Amino acid sequence: MLNDIRANLDSPMTHPELPHDNPSVGELALEDRTALRRVAGLSTELADVTEVEYRQLRLERVVLVGVWTEGSAADADASLAELRALAETAGSEVLEGLIQRRDKPDPSTYIGSGKAAELREIVVATGADTVICDGELSPAQLNALEKVVKVKVIDRTALILDIFAQHATSREGKAQVSLAQMEYMLPRLRGWGESMSRQAGGRAGGAGGGVGTRGPGETKIETDRRRIRERMSKLRREIREMKQVRDTQRGRRVANDVPSVAIVGYTNAGKSSLLNALTGAGVLVENALFATLEPTTRRGELPDGREFVLTDTVGFVRHLPTQLVEAFRSTLEEVADADLLVHVVDGSDANPLAQINAVRQVVNDVVAETDAPAPPELLVVNKIDAADGLTLAQLRRALPGAVFVSAHTGDGLERLQARMAEMIAPRDTVVDVTIPYERGDLVNRVHAEGRVDAVEHTESGTRMKARVPVSLAAGLTGYTTY
């Protein structure tokens with residue numbers, strides 16, 4: 001088998017048709033369990049790059065490995081294709097993509113000892129320097145697989161954390177990513193040789209250690225762990241302090257009765273493009289995964305004249321690392337406190353319904369941490385200019401309440417704004433009241449809390465036509481002008 005793999009490294013590999021059902025444990029086909037299946041079309045294409053330019057790029061050469069445990073072959077291929085996009089976003093050149101069919105990942109080496117040896121042959125033949133696994137591996141699995149393939153091995157979680165670290169720009173974003181990386185790294189610290197040996201403390205060291213070995217008994221790896229924990233505590237304090245600033249800003253918006261809308265969605269679904277189209281914000285738009293890490297809030301206006309604030313949030317992805325959800329919780333609170341969630345879906349994606357489920361799972365986890373009810377959701381299928389007609393027709397049947405738009409061309413934006421106005425409950429109302437002169441306090445409140453359109457001084461009082469908060473309008477019902 002290894003000879004066949006080596007012979008076919010530079011040509012597409014044909015493979016027997018794989019079952020698309022979900023067999024129970026023990027019913028997997030023998031040929032599926034004993035083969036690493038090559039996924040065609042995953043190699044990174046480098047166009048118009050000379051050898052000198054390539055050396056300057058210094059791209060990591062990676063091989064992708066996934067374990068297919070459930071779902072169809074198309075689902076497994078889509079998951080590895082997404083891993084390729086993540087790897088390329090992190091700055092890697094993808095050489096191969098391989099899938100191992102198993103009922104569950106091997107607890108020792110993730111793909112089994114035999115397949116790990118075959119993977120080593122592929123790594124040698126392709127000249128790869130990194131293996132990326134499509135899943136979160138335990139420290140023992142990482143260590144065991146690395147010993148077999150003899151190159152660096154990382155998992156999906158470490159890859160996503162690396163992308164976040166590259167894209168974080170603000171002080172808070174960098175602190176959140178650093179905290180997530182340390183939470184991931186802490187149980188995976190490894191030491192070799194003498195750094196793993198415990199120093200003897202007190203009289204315990206008198207039997208053979210001699211001078212210089214007696215001490216508190218803390219090894220180098222324990223020192224590293226202690227320093228990481230201290231750094232994590234400091235980062236948590238800094239994030240809490242920065243959260244107070246955001247809470248103050250959010251409190252001002254609530255006090256002004258300005259509706260809050262949060263844009264959520266899968267990474268690279270076009271959330272920032274939609275923010276720009278609705279508000280003219282001009283924030284960064286890039287065809288890359290996780291281009292937006294810091295929430296951006298801009299003011300907009302609904303068709304009925306009401307103002308609202310629109311917040312662009314970090315994108316989600318399938319199997320988003322729990323460390324990131326925890327570290328970015330202060331940022332994701334914008335989602336829980338919103339009056340409306342605009343859930344953006346990439347209509348040109350191969351499996352948009354899976355994206356919807358992944359985003360909803362993260363949103364539900366965030367909202368569950370609060371006592372408030374989940375905000376209403378408005379599904380927005382974006383990139384209809386890049387999607388084929390059959391896919392759009394299927395999505396219209398599957399998502400009858402969704403709005404179909406193109407942030408790039410502007411198609412459907414008016415329909416989207418109209419639906420947003422329908423779903424955001426009015427926080428203010430128009431009143432036409434005549435307030436007695438002795439109630440100057442009410443006149444001052446109308447000026448301070450509302451938007452006055454006309455004022456007329458009559459014999460019975462001050463007649464005012466204004467738009468005021470619903471709470472204030474309730475106290476003015478007795479002065480309505482007829």
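Helix α7 has twelve residues and reaches 17 Å from its first C-alpha to its last, close to the 16 Å expected at 1.5 Å a residue, where the expected span is 1.5 Å times one less than the number of residues. Helices here are DSSP runs of H or I with at least four residues and strands are runs of E with at least two, numbered from the N terminus. The model is a predicted one, in which local features need pLDDT of at least 70 and side-chain atom pairs count only at pLDDT 80 or more, while totals for chains, interfaces and linings use all residues. Residues are numbered from 1 along each chain as its sequence is written, and side-chain values use heavy atoms, with hydrogens and water left out.

Nine of the twelve residues of α7 are buried (under 20% relative accessible area with a 1.4 Å probe and protein chains only; exposed is over 50%, partly exposed in between), among them Arg156, Ala158, Phe164 and His167.

Helix α7 also gives the most to the lining of the second largest pocket, with four residues, and Ala158 is one of the residues nearest the centre of that pocket, as are Lys152 and Tyr184. Phe164, in turn, is among the residues lining the largest cavity, together with Val314 and Leu332. On a 1 Å grid over the protein atoms alone, a cavity is a set of points where a 1.4 Å probe fits but cannot get out, and a pocket is an open set with protein on both sides within 12 Å along at least five of seven lines; lining residues have an atom within 4 Å of a point. Volumes are the space filled by probe spheres set on the points, which are joined across faces, edges and corners.

| Space | Volume | Nonpolar | Polar | Charged |
|---|---|---|---|---|
| Largest cavity | about 50 Å³ | eight residues | one residue | no residues |

In these classes Ala, Val, Leu, Ile, Met, Phe, Trp, Tyr, Cys and Pro count as nonpolar, Asp, Glu, Lys and Arg as charged, and the others, Gly among them, as polar.

Strand β9 (residues 340–346) is largely enclosed by the rest of the structure, because seven of its seven residues are buried. Leu340, Val342, Val344 and Asp346 point one way from β9, and Leu341, His343 and Val345 the other way. Five bridges join β9 to the parallel strand β6 (residues 260–265), with Gly265 opposite Val344, and six bridges pair β9 with β10 (residues 377–382), also in the parallel sense; pairing requires at least two DSSP bridges.
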